[in-house]
Amino acid sequence: MKNNLYFIILFFTVHMVSATDSDAVSYSKTFPVPPLIQKSELNLVMQRGTLSLPMGQSRTMGFNGDYLGPTIRVSKDDFVKINIENKLMENSTVHWHGLHVPAEYDGGPHQVIRPGEIWKPEFVINQSAATLWYHPHMMGKTAEHVYKGLAGMFLIEDDYSKSLKIPQSYGINDFPVILQDRRLDRKGVFEYRPRLPDIMHGYTGNIMLANGAYKSSLELGQGTYRFRLLNGSNSSLFRISFSDSRPFTVIASDGGFLPESVKTDSLVMSPGERFEILIDFTMNEKTALLTEIAGGDVHEAFNIIVNSSKNEYFRHPESFDYKPVLLKSDAVIRTFRMENRGMGNFFINGKQMSLKRIDFTLKKNSSELWTIENAGMGMMMNIPHSFHVHDVQFSVVSVNGRDPGPLYSGPKDTVLVMPGERIEIALNFKDYTGIYMYHCHFLEHEDEGMMGQFEVLE
Ligand code: C2O
Ligand code: CU
Ligand code: CU
């Protein structure tokens with residue numbers, strides 16, 4: 001049932017007793033909600049900016065602003081046109097993480113946007129309701145660009161999601177929550193300067209930001225709320241909980257609703273993964289969303305103050321429509337061995353990413369069963385990885401030969417692979433052809449070669 005929980009707990013208990021960071025800074029800032037864009041043609045500008053935190057001012061990058069980007073919300077079957085202007089003064093790309101689109105519009109490392117250029121992807125939204133996100137994918141630069149702030153939410157709704165009796169008023173009872181740790185130096189600013197240990201273990205931080213703010217407060221009336229959580233960190237494994245250990249209901253994973261909702265009081269999230277949760281606030285009270293960084297500290301990501309005003313309550317649904325990926329009998333079987341050979345060298349099946357090499361091809365309308373192995377061995381190599389696939393959402397079939405458990409029973413595009421683990425995933429490729437990526441979503445690993453590309457052929 002609770003598959004890799006034992007392993008995960010080992011990763012978390014090392015520094016578990018460290019306190020939350022000091023309360024020296026008061027919660028004066030209001031929890032920011034990224035602006036919502038709901039248009040079939042929209043503009044994004046990649047630009048440089050600054051982010052002011054109580055401790056200092058950092059130089060950042062954002063979409064249409066200083067840090068992060070607007071939330072894009074579209075509906076299934078919409079035809080969407082996006083104009084993305086690059087004002088960064090350096091090459092970048094914009095990838096739609098989790099979106100099922102033709103390869104030429106996927107925004108991977110082949111779709112470079114040069115400084116001053118405008119890239120104009122357009123596509124039909126061809127998948128069910130989900131909480132996705134967008135971020136750069138420039139060869140060797142993904143980690144830096146995301147770290148500096150280039151990331152935003154991409155929400156899909158459909159007739160089914162709109163018909164559900166769950167919170168869906170953006171910024172009122174339905175909130176995006178982008179969780180990122182950042183490493184402040186003695187001047188109180190963050191920069192991206194990884195050294196070898198950071199590449200191995202990830203560029204983890206000493207403070208937490210939620211939607212780009214440090215220690216913000218969200219004031220709410222009494223009622224039911226929906227948080228769309230994204231681990232937007234570069235390489236940190238998070239354990240999410242509330243300061244009063246209150247239970248909540250998990251209703252969706254990366255690619256949409258779970259077959260059955262899950263009641264829990266904590267969630268482990270690897271970089272790039274999303275979960276949607278429902279939570280009730282029933283009286284005047286205070287709590288905080290805690291983020292524990294594996295191997296690091298527990299942080300209050302933001303504070304929640306419940307006042308006496310009344311908002312709407314919703315019953316938490318117990319199950320949702322979800323059809324797992326069913327493989328055809330002629331499914332192609334492949335194995336992906338993720339390996340860290342030390343000194344910042346990361347491999348998949350003994351190879352490091354090259355834009356000039358297609359690692360394998362497959363046929364449109366084919367089924368595939370993939371086994372992902374984290375081949376880490378020995379103390380130094382004991383590093384978690386994750387596996388993310390572009391183009392399609394997959395089903396997790398097994399974790400170490402066992403049932404993946406309820407949290408991994410819904411649509412996924414990114415899965416955590418702990419040291420020594422073997423995970424099987426089922427994928428059905430359809431609709432589009434072209435070159436797509438698969439990679440570790442620990443961004444330092446990705447940039448150091450833990451990525452490959454496959455081509456879907458007609
Ligand atoms: Cu979130 Cu290939 O990326
Ligand atoms: Cu992706
Ligand atoms: Cu990795």
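This is a predicted model: local features need pLDDT of at least 70, side-chain atom pairs count only at pLDDT 80 or more; totals for chains, interfaces and linings use all residues.
Residues are numbered from 1 along each chain as its sequence is written, chains are lettered from A and ligands numbered from 1 in the order in which they are written, and side-chain values use heavy atoms, with hydrogens and water left out.

Let me start with the copper ion that is ligand 3, which is coordinated by His 385 through ND1, Cys 440 through SG and His 445 through ND1, at 1.9 to 2.2 Å. Donors here are N, O and S atoms within 2.8 Å of the metal (3.2 Å for Na, K and Ca), and because water is not among the atoms, sites may look incomplete. Along the sequence, the donor residues of this ion follow the spacing H-x54-C-x4-H. His 385 belongs to strand S26 (residues 385-389), whereas Cys 440, 55 residues apart from it, sits in the loop between strand S30 (434-439) and helix H6 (443-447); helices (H or I, at least four residues) and strands (E, at least two) are DSSP runs, numbered from the N terminus. His 385 is buried, with a relative accessible area of 1%, and Cys 440 is buried at 0%, where buried means under 20% relative accessible area, exposed over 50%, and partly exposed in between, with a 1.4 Å probe and protein chains only.

Which residues are the protein donors of the copper ion that is ligand 2? They are His 95 and His 388, each through NE2, lying 1.9 Å from the ion. His 95 lies in strand S7 (residues 95-97) and His 388 in strand S26, so the pair ties together parts that are 293 residues apart in sequence. His 95 is buried, with a relative accessible area of 0%, and for His 388, also buried, the value is 0%.

Turning to the strands, S27 (residues 395-399) is mostly covered, with four of its five residues buried. S27 pairs with strand S29 (residues 422-428) in the antiparallel sense over four bridges, where pairing requires that DSSP finds at least two bridges between two strands. Within this pairing, Val 396 has Ile 425 in S29 as its bridge partner.
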